[in-house]
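Hi,

Here is the structure I promised to pass on. Have a look at it first, and then read my notes below.

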Amino acid sequence: MLVVPAAGRGDRLGAGRPKALVELAGEPLLVHAVRRAHGSGAVDVVVVVAPEGAVDEVTALLAPLQLPDLRVVPGGAERQDSVRLGLRVLDADVDVVLVHDAARCLTPPAVFTAVVAAVRAGAVAVVPVLPVTDTVKRVRGTLVVETVERSELVAVQTPQGFSPGPLVRAHEAARGAAPATDDAGMLESLGHPVRTVPGAERAFKVTRPLDLVLAAALLREETP
Ligand code: C5P
């Protein structure tokens, strides 16, 4: 089962509408993301967490994909709330849950299959990662206080994969706490091991206006 949190406002993108509904090559980011995720063959049920008031619009946007089992639910104030609300419609017999940001709309199929395979092989939580290429420093105000050893750092992407029970329990336990930006981090803080698989450059998150330019260029390159 796949949960796609798509209820963010997208303030940093500055498009004046929810980020998942911003268009790229004539289709919303969400439609690109769900088409690729389902096309990987690694997911059956798709749960999309829609911006408040946009459940009908999102259902209509995804109708052309003719998904065998699509469930659209309204989201919450923070990403963590949206994922928790998506997990409420989980079926009891699911063996793997993927959580994938709508904003990572060009994630290649191989990342989905690798994450699902790692969970089926016994991992409780799996994250796709890429090495960090910039030097990363810790700062206080305008003063650098530390340069972090880069060889130990990775950037974390989605889809993140989970054994359903621990993920649902972590989300229910985290209610009311400071919001997490990443689902695997919630399991990590409960002491569960989190495994990594290789991520992909194309799984970058569309966050700022420049990311939309890059995504559009990559799509043009893919289209024969
Ligand atoms: O804001 P950020 O880029 O980290 O959001 C990551 C994903 O989480 C996006 O796909 C966004 O739509 C989703 N989100 C959500 N509910 C929120 C905030 C973000 O579903 N309240």
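This is a predicted model: local features need pLDDT of at least 70, side-chain atom pairs count only at pLDDT 80 or more; totals for chains, interfaces and linings use all residues.

Numbering runs from 1 along each chain as its sequence is written, and side-chain values use heavy atoms, with hydrogens and water left out.

Ligand first. There are 15 residues around the ligand, and Pro 5, Ala 7, Gly 8, Lys 19 and Ser 82 come nearest (a residue is near if one of its heavy atoms lies within 4 Å). By class, that shell has 6 nonpolar, 3 polar and 6 charged residues.

Now the N and O pairs. A side-chain N or O atom of Ser 82 is 2.7 Å from a ligand nitrogen, and a polar backbone atom of Pro 5 lies 2.9 Å from a ligand oxygen. At Arg 79, a backbone N or O atom is 3.5 Å from a nitrogen of the ligand. On its own the ligand exposes 470 Å², and the protein buries 86% of that (Shrake-Rupley method, 1.4 Å probe).

Then there's Thr 107, in the loop between β6 (97–99) and α4 (109–120). Buried or exposed, then, for Thr 107? Thr 107 counts as buried because its relative accessibility is 1%, and buried means under 20% with a 1.4 Å probe and protein chains only. Its side chain reaches the backbone oxygen of Arg 104 at 2.9 Å.

Cheers

Key: A polar contact is a pair of N or O atoms within 3.5 Å; within protein, one must be able to donate a hydrogen and the other to accept it, and residues adjacent in sequence count only if both atoms are side-chain atoms. Ala, Val, Leu, Ile, Met, Phe, Trp, Tyr, Cys and Pro count as nonpolar, Asp, Glu, Lys and Arg as charged, and the others, Gly among them, as polar. Helices (H or I, at least four residues) and strands (E, at least two) are DSSP runs, numbered from the N terminus. Buried means under 20% relative accessible area, exposed over 50%, partly exposed in between (1.4 Å probe, protein chains only).
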